[in-house]
Amino acid sequence: MSKAEYKRLGDYIREVNVRNRDLKVTNLLGVNLSKQFFPSIANIVGTDLSKYKIIGKGQFGCKFMSVGRDGILPISLMQDDKPAIISSAYYVFEVKDQKVLLPEYLMMWLRRPEFDRQLWFYSGGDVRGGVNFDDFCEMPIVIPPITRQREIVSEYETLTNRIRLNNKMIQHLEATAQALYRKMFVEPVETPQCDVSKLPEGWRMGTIQEIANVKNGKSIVPTEGNVPVYGGNGIVGYTNISNANGIVVIGRVGINCGSLFLHQRECYVNDNSMMAIPNDNDLIFLYWTLKQIDLNSQSEGSGQPLLTQSIIYNQECVIPDITLRAEFNDQGQIIYRNKVLMEQENEKLIELQSLLLAKMGQ
């Protein structure tokens with residue numbers, strides 16, 4: 001196999017600087033570290049939007065100032081037909097000739113971890129270090145014939161579409177489980193907190209402490225391994241050590257306070273989270289019972305939200321007949337087995353995507 005021939009990226013792109021002078025565009029976006037656009041949550045009341053940059057379909061938006069700190073370039077390709085605006089702190093650029101370089105191929109190249117590592121090197125690796133557009137233009141890129149680019153993009157998009165379809169199915173399965181919970185445990189009860197006499201026979205009011213054991217997670221630095229490490233915002237890495245199996249992970253502190261994750265396999269829960277273990281082997285019932293409670297609003301702490309075991313234990317809940325809870329858990333297990341299979345398939349698809357990106361530089 002012949003060695004890949006690298007080209008200078010700046011020879012194939014050009015900066016675009018179109019301002020929102022007439023204020024016709026109001027859709028404000030940002031770019032995250034996952035290299036995706038997201039609706040900005042910035043307060044723009046009283047802000048002069050005429051200084052913001054317009055970004056259209058087929059153009060890229062990126063922010064260089066945080067590369068040294070994060071080691072990742074926040075950058076994304078605009079694919080919506082409707083234009084948007086981004087902060088003037090962002091750079092907007094486009095491909096000069098799409099018959100030579102496909103924007104979608106370039107976005108794949110920019111997703112490669114190797115690209116981020118090399119750009120981070122340009123920043124000096126300092127927390128305050130940044131790069132500029134000139135540095136970016138000096139970055140190397142392999143540009144195969146346009147027909148090969150189309151093939152590579154098609155392979156990647158096939159994987160992406162499958163992941164997207166699986167995610168939709170996962171959301172549908174979650175909605176199915178929620179609907180089942182509501183039908184079995186919410187709809188039969190009108191206002192149980194106000195009138196206990198309206199509870200069905202065998203049901204009673206109680207607290208989370210009566211149906212679950214809640215434990216704090218412990219600090220750990222993720223390492224190589226196959227056991228997922230949970231923080232308050234989900235899986236943050238992997239290790240070979242486990243401290244839980246079949247639990248509800250609860251975000252304990254900060255912006256993820258009160259977040260919930262159902263995990264039925266071996267995992268590790270770090271000190272940003274807690275774990276709730278069902279007392280009666282009805283994990284899915286416990287998960288959806290906790291979902292009915294706005295745990296974040298129950299948190300304490302002056303500087304940032306904080307949940308404790310005591311707060312969670314004292315949350316009131318309806319405790320139905322154990323036979324009905326077991327029935328719900330059995331049906332829920334069928335739903336979640338399918339959900340786990342799709343999640344596992346997505347893990348494999350993401351691995352294939354990573355392999356495809358890695359091969360682009362060969």
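Figure 1. Of the 362 residues in the chain, 44% are buried. The structure shown is a predicted model. Along the principal axes, the C-alpha atoms occupy a box of roughly 75 × 55 × 35 Å. The accessible surface amounts to about 19,400 Å², and carbon and sulfur atoms contribute 49% of that area.

**Figure 2. Secondary structure and contacts of the chain.** The chain contains 8 helices together with 18 strands. When contacts between residues at least 6 apart in sequence are considered, 73% of them connect residues at least 24 apart.

Figure 3. The chain carries 39 positive and 41 negative charges. The mean position of the positive charges lies 6 Å from the mean position of the negative charges.

**Figure 4. Surroundings of Cys62.** A disulfide requires two cysteine sulfur atoms within 2.5 Å of each other, and by this rule the count for the model is 0 disulfides. Cys62 takes part in no disulfide, the nearest cysteine sulfur being that of Cys137, 9.6 Å away. Cys62 has 0% relative accessibility and therefore counts as buried, the cut-off being under 20%.

**Figure 5. Surroundings of Cys267.** The count of 0 disulfides applies to this view as well. Cys267 is in no disulfide, and the nearest cysteine sulfur, which belongs to Cys257, is 19 Å away. Because its relative accessibility is 0%, Cys267 is classed as buried.

Definitions and conventions: Residues are numbered from 1 along each chain as its sequence is written. This is a predicted model: local features need pLDDT of at least 70, side-chain atom pairs count only at pLDDT 80 or more; totals for chains, interfaces and linings use all residues. Side-chain values use heavy atoms; hydrogens and water are left out. Helices (H or I, at least four residues) and strands (E, at least two) are DSSP runs, numbered from the N terminus. Buried means under 20% relative accessible area, exposed over 50%, partly exposed in between (1.4 Å probe, protein chains only). Contact means heavy atoms within 4.5 Å. Accessible areas come from the Shrake-Rupley method with a 1.4 Å probe; for residues, only the protein chains shown count as cover. Lys and Arg count as positive and Asp and Glu as negative; His and the chain ends are not counted. The place of a charge is taken as NZ of Lys, CZ of Arg, CG of Asp or CD of Glu.
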